Amino acid sequence: MSATTSTPDLDTRPAAAAERPVPGGPVSGQPVPGRPVLEVEGLRVTVGRGRTEAVREVSFTVRAGEAVGLVGESGSGKTLTCRAVLGLPAAGVSATADTLDLGGTDLLGLDGPGWQRLRGSRLGAVFQDPGSYLNPSLTVGRQLAEPLRAHGGLNRTEARRRAVELFDSVGLRDPEAVYDRYPHELSGGMLQRVLIAIAVGGDPDLLVADEATTALDTVVQAEVLDLLARLRTERGLGLLLVSHDLAVVAEVTDRLLVFYAGEVVEDGPTAEVVASPAHPYTEALLAVAGLGDHRRGPLPVIPGHPPAPGEAPTGCRFAPRCEYAAEACTGAPVALLPRGEGRAVRCRRADELTLGPERPATT
Ligand SMILES: Nc1ncnc2c1ncn2[C@@H]1O[C@H](COP(=O)(O)OP(=O)(O)OP(=O)(O)O)[C@@H](O)[C@H]1O
């Protein structure tokens, strides 16, 4: 399988402070996740025309009605992973996997038109900068109605009615008027809702949201996160939510995959990972994430820097920044190993360490 990907915009942290819900796992009343809509096994992504491995050994499943979060610092491989899932091209990047399956459709070996058909229907995506994905010279209504006509077989009047319904369902006030607006006439939050309406218009099995709320101010960010949570509940779609901000991901996901330097270092139910992280990097992310802090400002950073692709140490990639690193952590690569029910961690000292809120003061 070969897929290509492009680099996202740089992160922009919201400076405004606002109320946010307290995080900690699935929202009560949400349906129990169902059949797998996305299965990824052994995903590997190289950059620089195959010269550098930037993502390795990534495996996860997203089920219908389930929200899975990919979290990690900038450059950890989240976007390369989700672009591989979306089959989106960028020069010099390619992906291979043992399994890449979208609800029974094998994505390995899919050609360009095949990917395009899926992206307009069973695979939806929203990104950080909604304005750049819309045509500035067409009204947003036409940009939603045209795929509804092309893929959904609706006539002009039906497509307009359906587009207005979709705009209404994503919380756009006065959807009739919004239909005739051009992108430059709408705010960032409204544009993101338009893109979400376009993404769900094809009734996808999976919605990939890559830093979709990062550029929005905190109030609008919370509204868009609520919208995504509502859509997946109402429509039973699988949600793959990508963010460098653990507080954002923790609010709306059932499962978390924590990325560090191109590898998954921890995988588990969000509520459990947040309450008792098993990897020192997850603990460090939690320490700076400000979960439950209703007056959050710019995100603090973890001291030190992750290695660039191709420059990671042979042993644990986090070891140079890890306060618990011991000799055993260096030398040989560390495997991602199961740890209790539904969890996995890539840490040689995982059994010895007590991390997170339960961490002893003297550790
Ligand atoms: N087209 C590309 N060519 C070369 N290197 C790339 C390319 N795209 C990504 N990379 C590199 O691969 C690594 C992983 O990038 P990726 O965009 O997946 O990170 P990320 O976790 O999504 O970060 P961010 O939060 O900034 O979006 C980074 O070091 C990045 O510089």
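Let me start with a term: a residue is buried if 20 or more other C-beta atoms lie within 10 Å of its own, exposed if 12 or fewer, and partly exposed in between, with C-beta atoms placed from the backbone. By that count, 45% of the 363 residues of this chain are buried.

Two notes before we go on, everyone. This is a predicted model, in which local features need pLDDT of at least 70 and side-chain atom pairs count only at pLDDT 80 or more, while totals for chains, interfaces and linings use all residues. Residues are numbered from 1 along each chain as its sequence is written.

The chain has ten helices and 13 strands; these are DSSP runs numbered from the N terminus, helices being H or I of at least four residues and strands E of at least two.

Now have a look at strand β7, residues 123–126. L123 and A125 point one way, G124 and V126 the other, and all are buried. β7 pairs with β8 (residues 206–210) in the parallel sense, over four bridges; pairing takes at least two DSSP bridges. G124 has L207 of β8 as its bridge partner.

On to the ligand. Its shell holds 21 residues, and V47, S74, K78, T79 and L80 are the closest; to be near, a residue needs its C-beta atom, placed from the backbone, within 6 Å. Helix α1 (residues 78–86) gives the largest share of that shell, three residues.

Finally, is D174 buried or exposed? D174 sits in the loop between α4 (156–169) and α5 (175–179), and it is exposed because it has 11 other C-beta atoms within 10 Å. Thanks, all!
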